Amino acid sequence: MEYAEVSVNSPAARRLAFSYAVPPGLDIEVGQAVWVPFGERKLQGVVLSLSGTPPDIETREIAGLIERRPLLSPHQVSLARWLSEYYLSPFFEAVALMLPPGFKRSLTTYLSASPSLQESDLSSLPQEQKQALDLIRARGRVSLRELEKALGKKQAQLASSQLVRRGLAVRDYELAAARVKPRLEPHLSPAIAPHEIERAIDELRKKRAGKQAALLSFIARQSYPVPWAEARSAVGGTKATADALVSKGLIKVEQIEVRRDPLSRQAATPPSAPLTLTATQKSALERITSALRAGGKPGVFLLHGVTGSGKTEVYLQALAQAVGWGKKGIVLVPEISLTPQTIERFSARFPHRVAVLHSKLSLGEQFDEWQRIRNGECDVVIGPRSAVFAPQPDLGLIIIDEEHEWSYKQPDRAPRYHARDVALKLAELAGATVVLGSATPDVESFYHAQRGDYHLLQLPERVVPNEGSPLPQVEVVDMRKELKAGNRSIFSRALSQATTEAIANREQVMLFLNRRGGATFVQCRNCGYVLRCRRCEVVLTYHLDEDVLACHQCNYRSPVPQVCPRCSSRRIKFLGTGTQKLAQLAQESFPGAKLLRWDSDATREKDAHLKILNRFRNHEADILVGTQMIAKGLDLPLVTLVGVVNADTSLNLPDFRAGERTFQLLSQVLGRAGRGSLGGRVVIQTYFPENYAIQAAARHDYALFYQQEIDYRRQFANPPFRKLACLTYHHTNDTLGQREAERMKQRLTEEIDSQGLDNISLIGPAPAFIHRLRGRFRWQLILRGSGLSSFLAAIPIPPGWTIDIDPVGLT
């Protein structure tokens with residue numbers, strides 16, 4: 001008999017896989033999705049391995065196949081193992097990253113009265129159980145969720161368990177319906193021979209069935225089954241018209257699977273030819289393609305090129321080479337906002353062979369794209385971090401654009417993976433080549449390149465068709481001096497004058513401020529009270545467009561008070577500036593200019609990113625105000641001026657990466673200026689003009705920044721010299737949370753001492769930067785050292801703790 005190791009879709013499974021016997025006659029392969037018994041229930045699972053050796057424990061049999069074709073390839077199974085082991089996540093959560101969209105199905109618990117129930121059994125029942133049983137008997141069969149709504153969650157769960165234990169109720173389980181299926185649409189075609197159609201049309205006209213005749217005539221003229229929607233639009237018939245033709249045996253209706261195409265809303269992109277490369281681009285491409293050609297051990301390349309240096313063209317030509325050799329690629333971008341422009345460029349080079357995967361697609365669109373990729377119909381897959389798990393067969397090249405971006409890290413649920421590290425592991429397993437591209441590489445990536453772990457490729461100059469354009473001139477404005485000079489505007493004199501000139505010259509301007517909303521906080525000028533979220537330890541932000549106060553952590557919303565909640569004063573003041581307020585001030589300061597805003601509040605609708613991009617690219621606006629969404633990857637030749645309204649927003653966070661984040665964000669937004677032949681200019685407004693990150697960004701000098709930053713990291717043993725793990729405990733009671741954090745510290749310290757580990761140190765416990773989040777207090781412990789995953793894997797972690805291996809931020 002054969003035995004299968006299965007990852008089961010249950011929270012109780014945690015980081016374990018379970019052994020099941022393969023019943024006779026059932027053909028099982030690694031990567032297949034199966035039904036397995038798990039306790040009283042039948043759950044989803046994925047086969048991880050097969051063996052002819054029986055395990056040491058009694059096994060139950062696999063109940064059946066969910067789908068005959070394997071959903072995971074062998075290297076994806078290995079990747080899931082690594083994800084679970086390295087990031088200490090539940091096994092199935094790692095597996096689920098690679099499953100088809102909508103695959104996971106919840107299990108609903110139902111309760112019904114026992115067939116042997118006697119009225120005499122009810123006399124001694126407590127009131128809560130009697131109330132629950134009455135409801136069950138009245139409805140015949142009731143879901144636990146309905147019972148919870150009627151009686152309250154705790155009471156319903158307790159009463160139902162006691163009734164089942166007494167034998168008065170029976171519990172059973174039912175899987176929720178599949179969340180997504182292939183889309184089927186009715187198509188019409190003739191049901192009679194071609195030579196009979198004209199006679200049938202004449203007879204219909206004689207019987208004054210003109211619409212039926214018109215519909216049959218239209219269908220007969222097509223060389224393919226006609227979608228019903230198309231036929232109805234062409235002849236104006238109704239469903240009754242089609243039904244009449246079907247009943248007469250003149251046409252037939254068949255359900256045909258139709259692809260939900262996420263790119264159908266984008267304008268068709270004309271094919272483009274490869275561009276002529278500069279000497280440095282050609283050298284970089286040759287080294288990448290040499291690794292692709294060689295195969296065997298995969299190569300990792302860090303493509304360090306200034307903004308506008310032509311990194312994308314290198315990506316495109318490297319992918320073309322890979323495709324020519326029968327390989328396929330994955331291209332990761334850090335923001336969904338970058339996807340439309342990236343798709344345009346890649347679709348023009350690989351017509352009808354580009355797939356896109358991201359969370360803003362409908363579930364149906366995600367499902368169809370996933371199936372299309374799996375079937376080998378796409379040369380290139382484009383998307384944010386989750387696209388690294390696309391089922392791309394014959395994978396040869398993985399490109400991570402803007403590889404330094406924090407958004408490649410999944411922060412809020414397990415596994416808390418970093419897409420760059422996953423890509424490196426995936427490439428190792430699949431024998432693929434990785435290209436990490438950035439104008440401002442992650443300090444750790446550049447360190448690995450300096451050590452020779454990665455191959456360093458450099459593009460030091462901009463590439464602009466025809467004339468060429470140098471990097472933009474940068475002016476750093478000390479806002480302290482502006483205040484001393486009497487200028488209290490949010491716009492310095494230099495930025496105001498430069499904006500006026502750009503608009504007068506019919507050029508475009510981008511104003512960058514990495515804060516959403518109108519006012520960043522609201523304060524009583526009488527007693528100093530600041531309005532805060534009820535559930536989080538953060539101030540509420542005022543949003544102009546909705547006239548509401550909002551928490552940017554939990555989305556709690558509150559009306560703006562007319563009087564102070566503490567002292568009843570009416571002296572309520574709106575302080576600080578976000579992008580909404582900036583847009584309002586820009587409209588007032590430059591009244592003749594047309595303006596657009598690009599932030600997460602302005603892009604809630606589907607395809608909003610594409611619409612804003614197209615409007616600004618078509619010069620329907622002179623000024624674009626935005627957050628970090630406008631800082632990355634956009635290529636807009638008419639933008640000659642970028643204004644950084646406040647460069648200090650991330651500079652003083654209590655995080656050792658604050659300087660790096662500031663430098664990267666500034667360098668990226670500076671790179672939006674002067675990408676056309678008109679040249680460019682940047683104005684940076686700051687209260688800390690002497691800061692090393694701001695100085696290096698203003699000089700376009702990565703080497704200057706890196707040298708100072710790596711010295712700081714070495715001095716304090718921060719990454720890349722040591723690894724970090726962040727353990728966070730969440731509890732509704734702050735005192736109990738602190739107590740548990742102290743207990744965990746003692747447990748970890750004892751384990752470190754007992755193993756004699758001098759390469760692991762412990763920091764904390766301490767309250768998290770946002771101490772209370774969504775109603776729960778957070779206490780943190782930081783481990784610093786090496787081998788942290790294997791060290792923590794052996795320690796039982798109680799409920800309430802989350803573990804983040806290699807956190808990108810400590811706030």
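# A buried salt bridge and its surroundings

Asp804 and Lys409 are both buried, where buried means under 20% relative accessible area, exposed means over 50%, and partly exposed lies in between (1.4 Å probe, protein chains only). The model is a predicted one, in which local features need pLDDT of at least 70 and side-chain atom pairs count only at pLDDT 80 or more, while totals for chains, interfaces and linings use all residues. Residues are numbered from 1 along each chain as its sequence is written, and side-chain values use heavy atoms, with hydrogens and water left out.

## Salt bridges

The side chains of Asp804 and Lys409 form a salt bridge, at 2.9 Å from N to O. This pair joins distant parts of the chain: Asp804 belongs to strand β34 (residues 801–805), Lys409 to the loop between β17 (395–401) and α14 (419–430), and the two are 395 residues apart. A salt bridge here is a side-chain nitrogen of Lys or Arg within 4 Å of a carboxyl oxygen of Asp or Glu. Helices (H or I, at least four residues) and strands (E, at least two) are DSSP runs, numbered from the N terminus.

The structure holds 39 salt bridges. The table lists some of them.

| Asp804 | Lys409 | 2.9 Å |

Glu482 counts as buried because its relative accessibility is 7%.

Glu709 and Arg713 sit in helix α22 (residues 702–716), four residues apart, which is about one turn of the helix. Glu709 has 1% relative accessibility and therefore counts as buried. Arg713, at 1% relative accessibility, also counts as buried.

Salt bridges also form a network, which links Arg516, Glu546, Arg557, Asp601 and Arg604.

## The chain as a whole

The chain contains 24 helices and 34 strands. Its radius of gyration is 31 Å, close to the 28 Å that the globule rule gives for 811 residues, so the chain is as compact as a globular protein of that length. The radius is taken over C-alpha atoms, and the rule is 2.2 Å times the number of residues to the power 0.38. Along its principal axes, the C-alpha trace spans about 85 × 80 × 70 Å.

Of the 811 residues, 52% count as buried. The accessible surface of the chain comes to about 37,000 Å², and 48% of it belongs to carbon and sulfur atoms; such areas come from the Shrake-Rupley method with a 1.4 Å probe, and for residues only the protein chains shown count as cover. Among contacts with a separation of 6 or more, 75% are between residues 24 or more positions apart. A contact means heavy atoms within 4.5 Å.

## Nonpolar cores and a surface patch

In soluble globular proteins, nonpolar side chains tend to be buried together. In this chain the largest nonpolar core has 107 residues, of which Leu83, Leu99, Val644, Leu727, Leu783 and Leu792 touch the most other members. Another core lies apart from that one; it has 29 residues, including Ile288, Phe346, Val380 and Leu397. A nonpolar core is a set of buried Ala, Val, Leu, Ile, Met, Phe, Trp, Tyr and Cys residues joined through side-chain atoms within 4.5 Å.

Leaving out residues up to four places away in sequence, Leu83 touches Leu88, Ser89, Ala94, Leu97, Met98, Phe389, Tyr417 and Val422.

On the surface, Leu483, Tyr687 and Phe688 make a nonpolar patch with about 240 Å² of accessible area together. Patches consist of residues with over 30% relative accessible area and no salt bridge, with like charges joined within 9 Å and nonpolar side chains (Val, Leu, Ile, Met, Phe, Trp, Tyr) within 5 Å. Tyr687 is in the loop between β30 (681–686) and α21 (692–698). Its relative accessibility is 35%, so Tyr687 counts as partly exposed.

## Three further residues

Ser112 lies in strand β7 (residues 107–113) and is buried, with a relative accessible area of 18%. Not counting residues up to four places away in sequence, Ser112 touches Ile136, Gly140, Arg141, Ala169 and Val170.

Glu405 lies in the loop between β17 and α14. At 6% relative accessibility, Glu405 counts as buried. With residues up to four places away in sequence left out, Glu405 touches Pro334, His418 and Lys632.

Glu461 is in the loop between β19 (455–459) and β20 (473–478), and it counts as exposed at 61% relative accessibility. Apart from its neighbours within four places in sequence, Glu461 is in contact with Val306 and Ser309. Glu461 and Thr278 are 9.7 Å apart in space, C-alpha to C-alpha, and 183 residues apart in sequence.
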